[in-house]
Structure formats: structure tokens, C-alpha cells
Amino acid sequence: MAKKSISTSESGNPLPESFEAAMAELAQLVARMEAGELALEASVSAYARGSELVQYCAAQLEKVEQQVKILDGEITKPFQVDESDSGN
């Protein structure tokens with residue numbers, strides 16, 4: 001049986017399985033840092049991991065944006081508010 005390979009970041013940390021997993025891990029890191037639960041060295045490591053997660057999320061969003069452009073025929077459509085929905 002073949003093993004599933006795990007992608008890793010440049011620092012050797014495993015990449016998240018999904019955008020949602022990355023966001024959850026990032027939120028957990030931020031909460032721990034804001035609560036002051038981490039020692040200085042652990043805070044630096046958490047910051048580095050958080051930076052990796054932000055880069056991963058940004059790349060995932062960029063991929064999705066490109067897919068949407070392809071699906072829309074690469075036509076950017078301006079957002080329009082329907083006056084009847086404004087509650088006036």
C-alpha cells in the first residue's frame with residue numbers, strides 16, 4: 001500500500017490539509033500568543049509558523065481567484081447593489 005506523501009513548507013513544517021485547517025491553526029496560534037501562554041522562543045516559532053500559514057492561505061485564495069476568473073470567462077463584473085434590497 002502506497003503512503004500518502006505529506007507536503008512540507010520551506011522550514012520543514014507540514015502544510016495544512018486545507019485552507020480551513022490552516023485558518024484554524026492560525027487562529028489557535030494567535031490566541032495562544034495573545035494570551036501570553038508562550039515563552040519568547042516559542043513565540044518566535046509560533047510567529048514563523050503563522051507567517052507560513054498566512055502565505056499558504058494567500059496562495060490558496062490566489063488559486064481560487066484564478067479559477068473564478070476562468071469560470072467567469074475572465075470577465076470581471078462590478079458588484080452592484082440592488083436598490084430594492086437596501087431596505088429603503
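I started with helix 2, residues 40-71, in this predicted model. At 1.5 Å a residue, its 32 residues should span 46 Å, and I get 46 Å between the end C-alpha atoms, so the two agree. After helix 2 comes Gly 73, with a positive phi near 70°.

Next I looked up what is buried in helix 2. My list reads Ser 43, Ala 46, Arg 49, Gly 50, Glu 52, Leu 53, Tyr 56 and Cys 57. What do these buried residues pack against? They pack against helix 1 (19-34).

Then I went through the salt bridges, and the structure holds 4.

Arg 49 pairs with Glu 25, with the closest N and O atoms 2.8 Å apart. That pair links distant parts of the chain, since Arg 49 sits in helix 2 and Glu 25 in helix 1, 24 residues apart. Glu 25 comes out at 25% relative accessibility, so I noted it as partly exposed.

Arg 49 also forms a salt bridge with Glu 52, at 3.2 Å between the closest N and O atoms. These two are 3 residues apart in helix 2, which means about one helical turn between them. Both Arg 49 and Glu 52 are buried. I wrote down Glu 25, Arg 49 and Glu 52 as a salt-bridge network.

Last, I looked at Glu 37 and Arg 32, another salt bridge, with the closest N and O atoms 3.6 Å apart. Glu 37 is exposed at 55% relative accessibility, while Arg 32 is partly exposed at 37%.

Terms used:
Residues are numbered from 1 along each chain as its sequence is written. This is a predicted model: local features need pLDDT of at least 70, side-chain atom pairs count only at pLDDT 80 or more; totals for chains, interfaces and linings use all residues. Side-chain values use heavy atoms; hydrogens and water are left out. Helices (H or I, at least four residues) and strands (E, at least two) are DSSP runs, numbered from the N terminus. The expected span of a helix is 1.5 Å times one less than its number of residues. Buried means under 20% relative accessible area, exposed over 50%, partly exposed in between (1.4 Å probe, protein chains only). Contact means heavy atoms within 4.5 Å. A salt bridge is a side-chain nitrogen of Lys or Arg within 4 Å of a carboxyl oxygen of Asp or Glu.
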